2 protein chains.
Amino acid sequence: MALVVQKFGGTSVGNIERIKNVANRIINMVENGDQVVVVVSAMGKSTDELVALAKGVTEKPSKREMDMLLSTGEQVTISILAMALQERGYDTVSLTGWQAGIITEACHSNARILNFEKEKITNYLTTGKIVIVAGFQGVTESGEITTLGRGGSDTTAVALAAGLKADRCDIFTDVTGVFTTDPRVVKEARKLSSISYDEMLELANLGAGVLHPRAVEFAKNYQVKLTVRSSMVEEEGTMIEEEASVEENLVVRGLAFESNVTKISVCGMPNNISGLSNIFTTLAANNINVDIIIQNVIDSENTNISFSINSEKFTETLEVLEENRSVLLFEEIQHETGLAKVSIVGSGMISNPGVAGIMFKSLSDVGILIKMVSTSEIKVSTVIDQNEMVKAVETLHKEFKLEEIKVLQR
Amino acid sequence: MALVVQKFGGTSVGNIERIKNVANRIINMVENGDQVVVVVSAMGKSTDELVALAKGVTEKPSKREMDMLLSTGEQVTISILAMALQERGYDTVSLTGWQAGIITEACHSNARILNFEKEKITNYLTTGKIVIVAGFQGVTESGEITTLGRGGSDTTAVALAAGLKADRCDIFTDVTGVFTTDPRVVKEARKLSSISYDEMLELANLGAGVLHPRAVEFAKNYQVKLTVRSSMVEEEGTMIEEEASVEENLVVRGLAFESNVTKISVCGMPNNISGLSNIFTTLAANNINVDIIIQNVIDSENTNISFSINSEKFTETLEVLEENRSVLLFEEIQHETGLAKVSIVGSGMISNPGVAGIMFKSLSDVGILIKMVSTSEIKVSTVIDQNEMVKAVETLHKEFKLEEIKVLQR
C-alpha cells in the first residue's frame, strides 16, 4: 500500500463535471489499494471573481484581508470534492490549511511553510479516510490565515508529501507532463519521461509554468518523488527526481522562453566598491525583480551596468532609478524593450563544455543577434529580440535533437 | 464611550454598494466615539449559490461538508467589509468564527454556542481597531467548523454582546423595526418603539421573521439590550428589553400569522398513560416539528389527539404514523390542510383575562371559524382557514387598536 499525495489545480477542478472526474481519479487510486491525500486549488476562475469583488471596494486591499478573502476559494473546492467522493460512498474528510496543520511564517500573500503538524492528517488516514486539503493556504502561530503565493497549492502538496513521507506526489494539471519546450509554440516539442530536480528548477524559474520553483525546491530538499501529469487524459506523466533516469542521455533536456523582457543599462556609474550593491539593493527595496545582470567596466573610473526586468516594471524601474540618481551617480540610462529570453537547460552541460558555443552559433546561423547572456552550471540563457523568439526556440529544439525523444507510454 | 455590537444581515451586505453603505453606518458610530464590533452574514444570494454548487454533486451533502462550504460565505463578507473600512482610513480587522473564539457544540448545521473566548476581540478593541466577525459560524473544541443554523448571525451578535458586556446590540435588517404585524399584509401595521424579550420570543417563534428565537432567548438570558433597525433608512428601530417601556400600555402588542398549516387528528387511540408520549416521541424521532397539540378524551377507553404541523411535512407525517400503527394502535387518521395560524401576543394579557374571549368574538363576528386554539401566558393562537387569514389579521389589528400606536421618532 502506497501513500500518495495528489494535487489538482484550478483548471482540473474548474466546474462540477471536472470535480466529478477528479473524484474518479482519486477512487481509482483508492481501489488500487493506496492511501490518498488530495490537495486542491480554488475552482477555475473563482479567484479572479474574488479579486474583482475586492477591487469593488478598494484599489489597494490589505494583504491580510486578501488572504482572508482568497482562502475561501480552496475551502469551497475541498467541501465540494469531499461531497462528490462521499456521494460515491467513500469515507472522506476535507481540511482547510489551518485544520491540516500547515503553519507558515507571519507574512501575508506570499508566506513560506514553516512547519506541518501532521497528526491531524495521519489520524484521519488511520481511520481509512480520504483526506482533502485546501492548497495555497496556511495559518501563522498566532492564528492568522495566510496564503502561499503563486504555485502555492503545488507547495502545499509537496510539503504534505515530505511531512507524511509519502511514496509519491502527483501534480495533476492541464498538461500531460513536462515538455522539452512549450508545445503550444513548438509543435515538435516532446514530453520528457523524467527530469532532475535541478533541471526542473531551472525550467520552472525560466517560466516553463508547469510547476512553481518553490515547490520544486521543496521537493528537492526533502527528496519527494514528484510526477506531473494530466487530470484529463490517462497518460503517463513526467517523473521529477534526484537523477533523471536519462532515456537518451540528453545534454540539453529542455528549452524555456519568455517574452516581455526589457533591458536597462545604467551608464557611467563610478567604478567603486558599492556601486553594484547600491543599485540592486535600491531596486529590491522597491520590489523590482531583476533577472540577468551584466557589468561592463569601461575604464578604471566608470562602469556600465545592464540588467533585464519584466517589461511591466519598466516605468517603475526608471522612476526608482531617477529618484535615486543623487546616490547612484550614473550619467544616463539606456533601455531596450521588446526583448525575450530563450534558455537551454540540461544537467549534461556540466560535462559538455561546448554547449553554450553550439547555442550561440546555431542562433547566429539563422541571423539572430544575442543581446545578453547568462549561464549557470546547467543552463544558458540568451536575451534576443522578441520577434525572433519563436524562430530561436524552433532552431534550438532542432539543434539539440529534442524532437527525437521517444515518448514513453505505459 | 459605548461598546456596541452591530449585526448586518445578508440583504444589508448584498452587493458592493450596500457594503460601502454599511461601512458608512459603522464609521458614524466610530466617529461618535463608540467602540464597534460588527457581525455580518453572507452576501445576499451567495449562500444559495453555494447550496446550488453542492447540489451539483450530491442530493444529500454531509452536514460537516455543508458547514465547511457555507462558512466561506461570511468569510468573504468580513474581508470585503474590512477592506471597505480600511479604504476609508479606519483601522479594521476581520475574524472568522474560529478566530473570534466562538466555540460551539460538536454538531453540524445547527450548533449551539457553548463558549466565547473573548480575549482575541478585546485585544483588538484595546488597540483601537474596528472588529468584523463572521456571523453564523463557530468551531468545536476539536477544531471542526460548524454553523449555527437559521438566524445564526443574530445569535453570533447577541453572544458577542453578552460576552463583551456590550452596551447594546443593534440588529440591522431590511425592515425598520418590529411591527404590530407584517406591514406587507396589513397596511395599518405600526412600528413598535419597544417590546419585551418574552413578547419578541413569542412573535419570533410565531414566525414574525425579524429575529430568530434563539437569538432573542440568548439576549433574554444575558439581558442584552437589543435593537432592530434598518440598514438602509436612518430611522429609530425597536428596542427589545426586559420590560418594554410601554408607550400606550397595550394589552396586545403584536399579531403573528403563518399559512401552510395542516391539522392532523389521530382518532381512537387507547386512552392509556403512554399514548401521548408514544405519538410525539415517534414524530420527534423523525424530525417532524409539531406545533399546537389538543387532546380530546372521548370516553374512558378512547382518545383523539389533534396537532398542527407545517404542510410541507404532511406526507412524511402520515407515513411515519402508518409505519408505527402497530405501536400507536389508533383507529384512523383525519387531516385538514390549507389552514393558517393567527396569534395575538402581549405581556398585558397576564393581567387581562378577557383577551382571548375578545379575540374569539371578534373572529366569530366576521364569520371566521376557529379550528384549534392554543394559549400561553402572553399569547393566544388560533388555527383557521388559510383563505381567511388576512381578514382575521386585519380584524384583530383593528380590534386591539394596534393601528393607533404612535410611531415615535427621534
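Q: How many residues of chain B and chain A take part in the contact?

A: Contact here means heavy atoms within 4.5 Å. By that rule chain A gives 43 residues and chain B gives 43 residues. Keep in mind that this is a predicted model, where local features need pLDDT of at least 70, side-chain atom pairs count only at pLDDT 80 or more, and totals for chains, interfaces and linings use all residues. Residues are numbered from 1 along each chain as its sequence is written, chains are lettered from A in the order in which they are written, and side-chain values use heavy atoms, with hydrogens and water left out.

Q: What area do chain B and chain A bury between them?

A: The size of an interface is often given as the accessible area lost when the parts come together. Buried area is what two parts lose on being put together (1.4 Å probe), summed over both. For chain B and chain A that comes to about 3,200 Å², with 62% of it on carbon and sulfur atoms.

Q: Which elements of chain B give two or more residues to the side that touches chain A?

A: Helices (H or I, at least four residues) and strands (E, at least two) are DSSP runs, numbered from the N terminus. On chain B the list is α1 (16–31), α2 (46–55), α3 (63–87), β3 (92–95) and α4 (119–126). The largest share, 17 residues, comes from α3(B).

Q: How many salt bridges does the rule find across the interface of chain B and chain A?

A: You'd want a side-chain nitrogen of Lys or Arg within 4 Å of a carboxyl oxygen of Asp or Glu. Between chain B and chain A the count is 0.

Q: Where does A:F136 sit, and is this residue buried or exposed?

A: Buried means under 20% relative accessible area, exposed over 50%, and partly exposed in between (1.4 Å probe, protein chains only). A:F136 is in the loop between β6 (130–134) and β7 (137–139) of chain A. Its relative accessible area is 16%, so A:F136 counts as buried. Phi of A:F136 is near 75°, a positive value in a residue other than glycine.

Q: What about B:N287, buried or exposed?

A: B:N287 is exposed, at 63% relative accessibility. This residue lies in the loop between α8 (275–285) and β14 (290–297) of chain B. B:N287 isn't a glycine either, yet has a positive phi of about 60°.

Q: Which strand holds A:S381?

A: That's β18 (residues 379–385) of chain A. A:S381 is buried, with a relative accessible area of 0%.
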